[in-house]
Amino acid sequence: MEQFTALSLNKEQRPVRYLVVDDSIFARRNLARMVESFGGELAGEAGDGLTAITEYNRTLPDIVLMDITMPQMEGIEAVERIIRQHPDARIVMVSSVGYQENILAALQKGARHFVQKPVRPDVLYEIVRYVLNDDGLLAAASGAGRQATQA
Amino acid sequence: MRMDLIQPFVSAADSVLGQLLEGPTVVGNPSMDEDAYRRKGVAAVINFQGDIEGRIIFDLEFETAFRIATRLAGGETAVQHPTEALAAETLCELANMILGNAVTLLNDRGFHFRVQPPEVHTDAEGLKGSYDTEAVVMSFETPAGCVYLNVAMRYNRRRKTEREPALAS
């Protein structure tokens, strides 16, 4: 997989920690590989919205990649509940269903951004960088762009 | 069956398969199927209800599913343990992506409907068209093998913009 300039946080100079939430094992594996290629760490995984809330409270990740359609509790409801407890949570929706109502509902509940599946690593990288930058969290030299190397 | 309902599925399948498998996709000519559905390998059925109702079957031969699983897992070598469960999971993931993209296109055109999660279909045949319509069958030739799409759907009710002229007359 293509390698990207590692994203790291300015205060602690540590890798960005991600929580990946998707009911598909394939999708979680795929996102975990992308996170790795961004120089990040997988803080936790969840296969449904309820587990996502538990995992968020347990791991307190820097950013969450959240699917929408999942069993037990859908992603948008999970966003609402996480944001209620942690108003600063940074959540990016990752879903194949990308129509406006869904996106608006997620943003209204507190999600920061949306990316449609199949996810392109370069698109996700830019979105993560944008969200972290928006909160002034990225180290100055972090995320300057893609590296020329291929893994 | 209206082709304007089918086209979003063709576009979504073409786009998702092309992007995931990083190669050209050749869309075969559509054909109508009035008989009971015959499974070719591992199949997933997705039902939906709303302004449009019907079902879609995604069907792959097992070898194709394993080749796609390898691509989805990001590996260059074949999957280590090719099982039916892995084939089913691959198919469901693929089906979700294609369907999600198609639903997005239809929703943006004003159609609203709910999609149920994919169910893996294990019977050799069945699922005869139950929506007062025959099914459209299409094949997508990809670098990993052939993906079949069997679509049977109908309008449940007309959209508001289509109803208004009828009411006025």
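A residue counts as buried if 20 or more other C-beta atoms, placed from the backbone, lie within 10 Å of its own, as exposed if 12 or fewer do, and as partly exposed in between. In a regular strand the side chains alternate between the two faces of the sheet.

This is a predicted model, in which local features need pLDDT of at least 70 and side-chain atom pairs count only at pLDDT 80 or more, while totals for chains, interfaces and linings use all residues. Residues are numbered from 1 along each chain as its sequence is written, and chains are lettered from A and ligands numbered from 1 in the order in which they are written.

**The sheet of chain A**

- Chain A holds an open sheet of 5 strands in the order β3-β2-β4-β5-β6, with parallel pairing, where two strands pair if DSSP finds at least two bridges between them.
- Because β3 (41-46) and β6 (113-116) of chain A stand at the edges with a single partner strand each, one side of each is left without a neighbour in the sheet.
- Neighbouring strands of this sheet are turned by 20° against each other on average, direction ignored, with axes taken as lines fitted to C-alpha atoms, for helices over the stretch in contact, and angles running from 0 to 180 degrees between N-to-C directions.
- β2(A), residues 17-21, and β3(A) pair in the parallel sense over 5 bridges, and A:Tyr18 has A:Leu42 in β3(A) as its bridge partner.

**Helices of chain A**

- Helix α1(A), residues 25-37, packs on the sheet by touching β2, β3, β4 (63-66) and β5 (91-95) of chain A, and its direction makes about 165° with that of β2(A); two residues are in contact if their C-beta atoms, placed from the backbone, lie within 7 Å.
- Helix α2(A), residues 49-59, also packs on the sheet, where it touches β2, β3 and β4 of chain A and its direction makes about 150° with that of β3(A).

**Around β4 of chain A**

- β4(A) pairs with β2(A) in the parallel sense over 4 bridges, and A:Met66 in β4(A) is the bridge partner of A:Val21.
- β4(A) also pairs with β5(A) in the parallel sense, over 3 bridges, and here A:Val64 stands opposite A:Ile91.
- From β4(A) the chain crosses through helix α3(A), residues 75-85, to β5(A) in a right-handed β-α-β crossover, right-handed meaning that, with the strands pointing away from the viewer, the path from the first strand over the helix to the second runs clockwise.

**Chain B**

- The secondary structure of chain B comes to 4 helices and 10 strands, and 37% of its 169 residues count as buried.
- β4(B), residues 42-50, and β5(B), residues 52-60, pair in the antiparallel sense over 7 bridges and form a hairpin with 1 residue between them.

**Contact between the chains**

- The contact takes 17 residues from chain B and 16 residues from chain A.
- On the side of chain B that touches chain A, α3(B) gives the most, with 11 residues.

Definitions and conventions
Helix = DSSP H or I, 4+ residues; strand = E, 2+ residues; numbered from the N terminus.
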